[in-house]
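Here's a quick tour for anyone meeting this structure for the first time. Have a look at it, then read on.

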Amino acid sequence: MRCIFCLEERPPSQEHVFPRAIGGSLTIDRVCDQCNSELGTRVDAALCDFLPVRARRAKLGLAGNSGVVPKWYEIFLGDATLVGEAAGRIQTTFDETTGKLTSRQLHHAENVERPDGQKVRQITLDPRDKDQIPKIIRRERLRHKLRPLSDEELKAESKNFTERIVQAPIIKKDLQVSFAYVQHALLKIIYELAFLWLGDAYLDDPLGLKLRNAVMSVDLDSTKPYEGNVFEANNCAIFSNYWTPHEAHHIAYSSVLPGQIVVAVRLFDLYAAVVVVSEEPGRYFRSQADMAKLKFLAIDSVSKKMVHTEFAEERHRLAMMMTEERRRPPFTDPL
Ligand SMILES: [Zn+2]
């Protein structure tokens, strides 16, 4: 078998066109083991762990390759910052027994000047950590080379606090996400669909070569030329004008225009990509019968149900709803 990525003759493996972790049930057997695992780790995993995608997997219960479904609360865990007057670090953990998230303000100390001009060290901590006050005072004094307090003094100082309740606290959490991962993964899906639908001739297509190189490159910038081809699903009229977005469905189709073959993919109701996969339709479409190469695909990520038909058939279905049933698009997809 000739691998569609490295183009080497190697034994085949089972490749999921849409990653398995997002419920992709369509597979091809034209990717070698090596490319499958390398691209799986670098491209597919990055998409499946991309925050909005991961959150959707949590909602739909879609397990990753390890069999584990992401948890809805993952995004809230770890360190964050309180915004405003009560500024400080917050740590959030998940309590498995109560099923609830618990946020705790981490203690911090700062120098402040009182209205009377006295300079003091002010310690802020979570009220649930009140019993830690003596320990913290002792540590702060030691750090600033101040004389240790006697037990009596320490007891008195420990009572010297005010409680403050922050109504509706705003918590700021920094997340580093790059849309480049989504772009990279969507291009990989498009390349595989183009091959699947157009056949082996696509491996020698000049645009196919470009797309393949962009997908295989370890450099995320390799997909920059395609930046204008990837969108939020809602902004992609070529889908949303015809098919109602569905939170659990992926759809894709191909079409041929003068001098262009286009493949379009929508992932859940989150992202869409529309890419010209070839500028040489003459290679693939020589007779009317070749129009059967234009396909429509819909996958339900939860039930794994799949509709994979000729695009003409799907167009007919849409036309019937408009003419016979006098309905207006967008319509639900055929799943
Ligand atoms: Zn390969």
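What spacing do the donors of the zinc ion follow along the chain? They follow C-x2-C-x25-C-x2-C.

## Before we dig in

This is a predicted model, so local features need pLDDT of at least 70 and side-chain atom pairs count only at pLDDT 80 or more, while totals for chains, interfaces and linings use all residues. Residues are numbered from 1 along each chain as its sequence is written, and side-chain values use heavy atoms, with hydrogens and water left out.

## The zinc site

Four cysteines hold the zinc ion through their SG atoms: Cys3, Cys6, Cys32 and Cys35, lying 2.3 to 2.4 Å from the metal. (Donors are N, O and S atoms within 2.8 Å of the metal, or 3.2 Å for Na, K and Ca; water is not among the atoms, so sites may look incomplete.) The angles among the four donor atoms run from 102 to 114°, making the site tetrahedral, a label that needs all angles to lie between 85 and 135 degrees.

Cys6 sits in the segment before strand E1 (12–16) and Cys35 in helix H1 (residues 33–48), so this pair ties together parts that are 29 residues apart in sequence. Helices (H or I, at least four residues) and strands (E, at least two) are DSSP runs, numbered from the N terminus. Cys35 counts as buried, at 6% relative accessibility; buried means under 20% relative accessible area, exposed over 50%, and partly exposed in between (1.4 Å probe, protein chains only).

## A tucked-away proline

Pro19 is in the loop between E1 and strand E2 (27–32), and it's buried too, with a relative accessible area of 4%. Skip its neighbours within four places in sequence, and Pro19 is in contact (heavy atoms within 4.5 Å) with Gly24, Asp44, Leu47, Cys48 and Ile189.

## A four-stranded sheet

Now for an open sheet of four strands: the order is E5-E4-E3-E8, with antiparallel pairing. Two strands pair if DSSP finds at least two bridges between them. On the edges are strand E5 (100–105) and strand E8 (170–172), each pairing on one side only. Three bridges join strand E3 (residues 78–83) to E8, and Val83 stands opposite Ile170 in E8.

## The whole chain

Stepping back, the protein chain has eight helices and 14 strands. Its C-alpha atoms fill a box of roughly 95 × 50 × 40 Å along the principal axes. Of its 335 residues, 40% count as buried.

Conventions: Four donors count as tetrahedral if all angles lie between 85 and 135 degrees; four count as square planar and six as octahedral if opposite donors are over 155 degrees apart and all others between 65 and 115; anything else is irregular.
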